[in-house]
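These are my notebook entries on one structure, set down in the order in which I looked things up.

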Amino acid sequence: MFNGKNIHQNYMMQAFRLAETAYEKGEIPVGAVVVHENSIIGKGYNQVEMLQDSTAHAEMIATSAACSTLQNKYLHDCTLYVTLEPCPMCAGALVWTKIKRIVFGAMDEKAGACGTVFNISSNNKLNHNIEVIQGVMEADCQYLLQEFFKSKR
């Protein structure tokens, strides 16, 4: 039987594979999956360049797909696995979806909104707080991002 850590690593690996797809397509390598009742119900990777849409972040695409799957604007009892800490836009959207939990890999020192720079996900002034687990596959997620930016310089 899997313990919680193994389950988190399993789903983060699925998000990581999506981040690799983003990398191959020249996008900032971030991948995300939404899990409900032990099934992936939404997935996405960054498509900002491909779609020429600054809101086409992995989290936004994954949560939109999940809402469509559930036919509900809320993601109660769902968990988002994402390779990079959500930015303010994504964290705000996740609060609006009322998602239960965010599990992320690498911290975002410049725009992280789940505790690093901002704490939108757990701000008591907002109508919903999200449980946050950080650092799952952190080294792998950070390495992929570093390699991407190294190749761009």
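The entries below go from conventions to helices, then to the pocket, single residues and backbone angles.

**Conventions.** I worked on a predicted model, in which local features need pLDDT of at least 70 and side-chain atom pairs count only at pLDDT 80 or more, while totals for chains, interfaces and linings use all residues. Residues are numbered from 1 along each chain as its sequence is written, and side-chain values use heavy atoms, with hydrogens and water left out. For secondary structure I took DSSP runs, numbered from the N terminus, with helices as H or I of at least four residues and strands as E of at least two. I call a residue buried under 20% relative accessible area, exposed over 50% and partly exposed in between, using a 1.4 Å probe and protein chains only. A contact is a pair of heavy atoms within 4.5 Å.

**Helix H3.** I looked up H3 (residues 58–70) and found 13 residues that reach 18 Å from first C-alpha to last, close to the 18 Å expected at 1.5 Å a residue; the expected span is 1.5 Å times one less than the number of residues. Its buried residues are Ala58, Glu59, Ala62, Thr63, Ala66 and Cys67. Seen down the axis, these buried residues fall within an arc of 155°, so they line one face of H3; the arc is taken from the directions from the helix axis to the C-beta atoms. They pack against S1, S2, S3 and helix H4 (88–97).

**Helix H4.** In H4 I noted Cys90, Ala91, Gly92, Leu94, Val95 and Thr97 as buried. The elements that cover them include H3, S3 and strand S4 (101–106).

**Helix H5.** I found that H5 has 15 residues and reaches 22 Å from its first C-alpha to its last, close to the 21 Å expected at 1.5 Å a residue. Its buried residues include Cys141, Leu144, Leu145 and Phe148. These cover an arc of only 95° around the axis, which puts them on the same side of H5. On the face turned away from that buried side I marked the exposed residues Ala139, Tyr143 and Lys150.

**Largest pocket.** I recorded a volume of about 580 Å³ for the largest pocket. Among its 24 lining residues, the closest to the centre are Ile28, Leu84, Asp108, Leu145 and Phe149. The search ran on a 1 Å grid over the protein atoms alone, where a pocket is an open set of points where a 1.4 Å probe fits, with protein on both sides within 12 Å along at least five of seven lines, and lining residues have an atom within 4 Å of a point. Grid points are joined across faces, edges and corners, and the volume is the space filled by probe spheres set on the points.

Which helix supplies the largest share of the lining? That share, five residues, comes from H5; helix H2 (48–51) and H5 (138–152) each supply at least two lining residues. By type I noted eleven nonpolar, five polar and eight charged residues in the lining, counting Ala, Val, Leu, Ile, Met, Phe, Trp, Tyr, Cys and Pro as nonpolar, Asp, Glu, Lys and Arg as charged, and the others, Gly among them, as polar.

**Thr83 and Gly31.** I located Thr83 in strand S3 (residues 78–84), where it is buried with a relative accessible area of 2%. Leaving aside neighbours within four places in sequence, Gly31 is in contact with residues including Ala15, Gly44, Ala58, Tyr81 and Thr83. I also noted Gly31 and Phe104, which are 73 residues apart in sequence and 10 Å apart in space, C-alpha to C-alpha.

**Gln142.** Not counting residues up to four places away in sequence, Gln142 touches Ala106 and Met107, and its C-alpha is separated by 5.4 Å from that of Ala106, 36 residues apart along the chain.

**Positive phi.** I looked up Asn38, where phi is near 65°, a positive value in a residue other than glycine; Asn38 sits in the loop between strand S1 (31–36) and strand S2 (39–45) and is exposed, with a relative accessible area of 62%. Met137 has phi near 60° and lies in the loop between strand S5 (131–134) and H5, but Met137 counts as buried at 10% relative accessibility. Just after H3, Gln71 takes a positive phi of about 55°, and H4 is followed by Lys98, with a positive phi near 60°.
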